[in-house]
Amino acid sequence: MAYSENRLRSLLIPSIPLILETHFHSVTLKNSESAWFIETHKELLDSVFRTTLMQMIEALFWSSSDYILYLNTLEQEGFEQGVFTAEIFGDHVDIILEMSKDINLTAQNIMFKIIKGIVDDSIHLLFLYNRLMECNWTRFTGFARGYLSNKNKQIDHLHEQKIAVMGQMAAGMAHEIRNPLASIKGFAQLVSHRLREPEIKVDELKEYLDITIKEIDSLNGLVTDFLVLARRGDSSKNDGNIFDVKEVLHRVNNIVNQLILSDDIVLSVDYSKEELHTFGNASQLEQVFLNILKNSIDSFTTVRGSIDVIATTVTQKNEIMLTFKDNGEGIPKDISNRIFDPFFTTKERGTGIGLSICKQLIEMYGGRIQIESELGLGTTVTIILPWVHR
């Protein structure tokens, strides 16, 4: 391999105390209740988090068969720990869930830097990144479900509804994270293939790796996206900035073309000649576009798939209009009015969370989204965004 497993392990394990101290310090700064909670329960929390992080580090180096076995038990272990934790800290649900999410982000940020400093091969680098993120969020999914299932028995009806939503969001976490992970894996495989060719095109490889890095960065943003539904109205527009919608569409076009496995699916993207700047979060908008296009791809059955994306402007209204039109199987009229409902889905393995998040993210920055569909003929998704002139 291009790196020493023993050396990498010897650097990751000593990073655990730094991860925990960084995590606990950031929690204490949030508010007085969080500071009190850390001061009172730090010893127990330190022991639990330390054990979990040690297991995840070891999982980075296991064989494929052992790793799959580990993942199969990881969510259940997290669930059981969540039930147990709820019994002990039943009155601190918000703090516990925030801490469980934040420890993952802190661990990833610190471990990613260590891994990047040791591993110089992009394939192995992405392999380790993928494993670390998959372990983190599989554990979190199980923990959140276990914790919230216990809390549902103890809280009043209104609070129970909110917690149930968060529990289902946690269950859908792995599904939503697999989208960027699939992109990362696809580009890693593509880079590996290109490196075997007689002539190595450095610019092409750099573009693939740049996209891969952006996808890794977006995974952390996905955690916030999942909390949008549970924290309606809490998100701040101050987190946004002005960006070029064309650049987002270009990245999405590259990603989706690598995900399309069949020549029977054709994606075409047509940009307006005008500058298409809007205010918002480019990473979030990218996830919206990817979700819509993935739904289109999933809608193709026996027909030849065609997806047309058009980005233009509505001058008199100072708006950008994007349409995503496919000739898939379409949506039955009797369920078309429910497609934005959280967790409503007709897919066998779907979570029903994607379009609900898309709608809320679009509306957060003054946009709107609508879907028109006819069974057997296809679906058209229209997104309207504010047009910012520069």
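This is a predicted model: local features need pLDDT of at least 70, side-chain atom pairs count only at pLDDT 80 or more; totals for chains, interfaces and linings use all residues.
**Group meeting: a sheet, a helix and some salt bridges**

Residues are numbered from 1 along each chain as its sequence is written, and side-chain values use heavy atoms, with hydrogens and water left out.

Now the sheet. Helices (H or I, at least four residues) and strands (E, at least two) are DSSP runs, numbered from the N terminus. Two strands count as paired if DSSP finds at least two bridges between them. An open sheet is formed by 5 strands, in the order S2-S4-S5-S7-S6, and its pairing is mixed. Strand S2 (265-271) and strand S6 (368-374) stand at the edges with a single partner strand each, so one side of each has no neighbour in the sheet. S2 pairs with S4 (residues 305-314) in the parallel sense, over 7 bridges.

Helix H10 (residues 282-299) lies across S2, S4, S5 (319-326), S6 and S7 (378-386). H10 runs at about 25° to S5; axes are lines fitted to C-alpha atoms, for helices over the stretch in contact (heavy atoms within 4.5 Å), and angles run from 0 to 180 degrees between N-to-C directions.

Next, the charged pairs. Side chains of opposite charge can pair when their charged atoms come close. A salt bridge here is a side-chain nitrogen of Lys or Arg within 4 Å of a carboxyl oxygen of Asp or Glu, and the count comes to 12.

Which side chain does Arg 139 meet in a salt bridge? The partner is Glu 77, at 3.5 Å, N to O. Arg 139 lies in helix H6 (residues 122-151) and Glu 77 in helix H4 (residues 64-88), so the pair ties together parts 62 residues apart in sequence. On accessibility, buried means under 20% relative accessible area, exposed over 50%, and partly exposed in between (1.4 Å probe, protein chains only). Arg 139 is buried at 11%, and Glu 77 is partly exposed at 34%.

Another salt bridge joins Glu 204 and Arg 194 at 2.9 Å, N to O. Glu 204 is in helix H8 (residues 202-230) and Arg 194 in helix H7 (residues 157-195), 10 residues apart.

Last, Asp 210 and Lys 206 form a salt bridge at 3.0 Å, N to O. Both lie in H8, 4 residues apart, about one turn of the helix.
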